[in-house]
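Keep the sequence and the 3D view open while reading.

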Amino acid sequence: MWFTNSSYEDLTGSYPGSIGRITTAGIITNYPLPTGVDADQITTGSDGALWFTNPDFEGFGGSIGRITTSGVITNYSESSILEPEGIAAGPDGALWFTNHVGNSHRGSIGRITTSGVITNYTYPTINGPEGITAGPNGAMWFTNNRKAAVIPESIGRIITSVDNLALSITSSTSDAFTQSVADSFTVTTTGLPALTETGSLPSGVSFTDNGNGTASLSGAASSSGIFPITITASNGVLPDATQSFTLTVNPPVTNWTQLSPNASPGALGASSMAYDPATSQLLLFGGIPSANHFVNGTWTWNGTTWNELSPTTSPSPRGNASMAYDAATGQLLLFGGYGPGPTYLNDTWSWNGSTWTQLSPATSPPVRYNASMAYDPAAAELLLFGGLGNSTSTGGDTWSWNGSTWTQLSPLSSPSARSRAMLAYDPATSQLILFGGYSTNSSTPLADTWSWDGTTWDELSPAVSPAPRGYGAFAFDPTTQQLVLFGGVAGSSYFGDTWDWNGTTGWIQLFPESSPSNRYRSAAAYDATTSQLLLFGGGTVSVSQGDTWPYAPQAPTVPTAPTIGTATTMATAGNAQATVTFNPPSSNGGAAVSSYTVTATDLTTPANGGQTASGSESPITVAGLTNGDSYTFTVTATNSVGTGPESDPSNVVTPSTLPGPPTLVVATAGDAGASVSFSPPASNGGAAVISYTVTATDLTTPTNGGETASGAASPITVTGLTNGDSYTFTVTATNSAGTGPASDPSNTVVPVSPIGIASVSPSYLVQGAKGVDIVIDGNGFVSPLTVAISGGGVTPSLVSVSPTSVTIKVNVSAVAIPGVRNVTVADTNGSATCMGCLTIVAKPTVASISPASLGQGAAKVPVTITGTGFASGATLAAGQHVTFYSVVVVNSTSITAQESVGAAAATGARNLTLNQGALGSATCTDCLTVLTGPQLASISPSSAARGTTTAVNLAGTGFATGATLTGPKGVTFTKVVVTSSTTITATMKVSATAPTGSNLSVTVTNDAAAGYGKVTGNILTISA
């Protein structure tokens, strides 16, 4: 830990400021500050150094200081730094500080990069800033302590970097509410901007800027639909961020409920149904129970059962007739359809509450069935459109009913000719809405939407539409204020889907929990007496139904269970806690979910479980868990009705925290490395330790430190260290939660190269050797150092030591046992032994030389020396004028050589000396005798011509029997006879090509018995 010591004065004098450092073991190091530099607040910079403020309260001047971890201090000052107090590292890598007093005597915010570049920021509301810290979203937050009476105390915020803090809206681009149900959605951002909304929200829903970088969409929408808006984020500094957002308001939760009335019209399709306000009756007429079978029964619905009436007159049996209530004339009107035969109809009938009356309008639409008919309150007219005139002809005509006759209209635009289209009135827009049907060929289903405004048809373009179809049930539901479309058919595909038409935003598909089966040709109308939108019958081409289904808002229930435990929704462990991510329930029960509750189950120690946490959305964090125990979690959803069932359990997680520091850290130095052993931490934080990391600190050269090594267990070896530097080491443990704190430092070690022996020279010593210098080459040698030689009889003494070489003097006992020896060197780096690097050899002896006698003048006579302890490199000597050539050590007992004896060599016995350097020397006393050699005085005759043969006499001394004569080139001697030691006779033959000249040489060589003595005289002349 690093801290500041501010300077002060007392009665004994001034105490300068300093920066202090204290280790976790309590060791304190103090670094005095330069003169004129003080220290107040301190923080760690992104460069690893410590940065501190130096306020000058009296002189209105200050600076920013930097101190490295090795104690090197640098001071930065300029005119904009007056009275710095707080300092903190910013998210942009720079240091940010407060100037309590600035040039305006209010203050400013300063920024200094790690390279010392200073920037000052002033603003009218920055009035005496003191503390500063990094906040969320890349801003720095600071306190304002009032310096001027007109400016109150406050909290300030300054954005650190436009590049890093580009504003953005991070929440979803859409959400869904339910009509008339209170709900909310939170807009989230980066950069803490102000938030505004433009567009058209539904009545009852408001947009509120929460002032903390979020905004809320909340309230109960009075109408359903799709509402696009634009959200803008702005902070007045950075470019605005905008996001298109779509709020979908679904109609109130509704449901189809099948009833079981006591009486029923039976299985019917293609019936006609409408509500008669004049008689408060929901009336159903006719239909087709099966192929080619038509009925003309009249039924009413009382809310619980069907009642069949017995009118005195009735329309003929038929199906697919058009029926609607005409409020302008107070008539429930039925038109057309088709009956047995088939018979295509265009008759008009009215219902008075008890019987049917056929009307006789002056004009009528042509015969048709599957026409679309509805009352238009805005135009006060009953409108009929399209239909089939027979099995193939389709109409696209529009007709109105005035109470007594039909009138064909001529709108400027019109839907294409069609039949089986759905038509109903939408009070929200005061328009008739027509959807789909079948085109003129009666085989192509349509999906276009048209509105009638009382004068003409307009085609609409909703963003979403039901699939193409005809024969669907279509009616207005005042309870939900929506037009409801159910089912229909397209070719052989039958539908069972439910759609709402919202006059503002279009079609919305609904998903009621229960629905009638897929079907077409159902009858539907709203029964104002029982407040029910009722659907009856219909079916498929082969099966008709006689079921009754009211459609109404569903009473809210508790939500269904949230879902949890998949790859994207799961529990994630933390320190004594877990964060649980889940998906909302598939149904909110018809009321907005107000909260979720997560409950923990401890699988390891059940009694420790039961912790709960609640929140408004996923994820939710449950605290108070036991690290190391295994947990699962369930989630429940709560709305205004109550709390729903719990979810399935989550995945199993084990909360944990960081492990503690390892203990008992001991380092052992190596070559450019160290082995570090340690004990595991006292606490693993509740999760198994995955790995350990050792970090080196170089005490000699701090910039060389920082080397790390990791492993699963102790010990761990750190490499890459600098030999000769002093190091300590710390160890951290890592588990699934992360890396824990570092251990206390280890002992101090110094990595060095390991001691090693490469060679010993010389590698041989002879018995009795005295004061021989031996050089041991290798590495890692340091003083103090010892050298030992195995086997006894060899005494080394140290001469000199270098890192790569040791020199010793060695004495060898004369009785030291010959053989190989080991040389061992030991120092503080350890020890090294070179096996068999030194050999002690026995002192050599010379027994004889053969031949033992040589005459004066003998030249390179082969000799053999016998003895013991001979070694390669041996030399021989036998006194003056005796020379040995080509000395070869045949083996340890035999040497061959060539020996020459000079003519001036003294005669008599000689000592033969063998010299082998470090392997010793030996002398054989009187082993060699030098004999008197021959002397040549003259040859007679002393001249001869080429090509002649001449008898000659040689005179001299020391001639021995068996002596030989050698002449110059081209001269040979035969019949050589030593007549006495002073006379030799011979025959001399001179070749015809012999070189001519005078003073030519003649050589006399005695035989072996006379010691190979030899003499040469320049005594012969050869003439032409």
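Helices (H or I, at least four residues) and strands (E, at least two) are DSSP runs, numbered from the N terminus. Residues are numbered from 1 along each chain as its sequence is written. The model is predicted, so local features need pLDDT of at least 70, side-chain atom pairs count only at pLDDT 80 or more, and totals for chains, interfaces and linings use all residues, while side-chain values use heavy atoms, without hydrogens and water.

**Pockets**

On a 1 Å grid over the protein atoms alone, a pocket is an open set of points where a 1.4 Å probe fits, with protein on both sides within 12 Å along at least five of seven lines; lining residues have an atom within 4 Å of a point. Grid points are joined across faces, edges and corners, and a volume is the space filled by probe spheres set on the points. By class, Ala, Val, Leu, Ile, Met, Phe, Trp, Tyr, Cys and Pro are nonpolar; Asp, Glu, Lys and Arg are charged; the others, Gly among them, are polar.

Strands E18 (174-178), E19 (183-187) and E46 (506-510) each supply at least two residues to the lining of the largest pocket. E18 gives the most, with five residues. Nearest the centre of this pocket lie Asp 175, Ala 176, Asp 183, Pro 584 and Asn 588.

The second largest pocket holds about 1,100 Å³ of space. Closest to its centre are Met 323, Met 373, Leu 423, Phe 474 and Ala 524. Strands that each supply at least two lining residues include E27 (272-276), E35 (372-376) and E47 (523-527).

| Pocket | Volume | Lining residues | Classes |
|---|---|---|---|
| Largest | about 1,300 Å³ | 40 residues | 16 nonpolar, 20 polar, four charged residues |

**Strand pairing**

Two strands pair if DSSP finds at least two bridges between them. E14 (residues 129-134) and E15 (residues 139-144) run antiparallel, joined by four bridges. Here Ala 134 has Met 140 of E15 as its bridge partner. Six bridges link E15 to the antiparallel E16 (residues 154-159). Asn 144 stands opposite Ser 154 in E16.

Most residues other than glycine have a negative phi, and most peptide bonds are trans. Asn 320 has a positive phi of about 60°. Asn 320 sits in the loop between E30 (306-309) and E31 (322-326). Buried means under 20% relative accessible area, exposed over 50%, partly exposed in between (1.4 Å probe, protein chains only). Asn 320 is buried because its relative accessibility is 9%. Ser 430 also has a positive phi, about 55°, but is partly exposed at 36%.

A cis peptide bond joins Ser 714 and Pro 715, with omega about -5°. Another joins Ser 850 and Pro 851, with omega about 0°.
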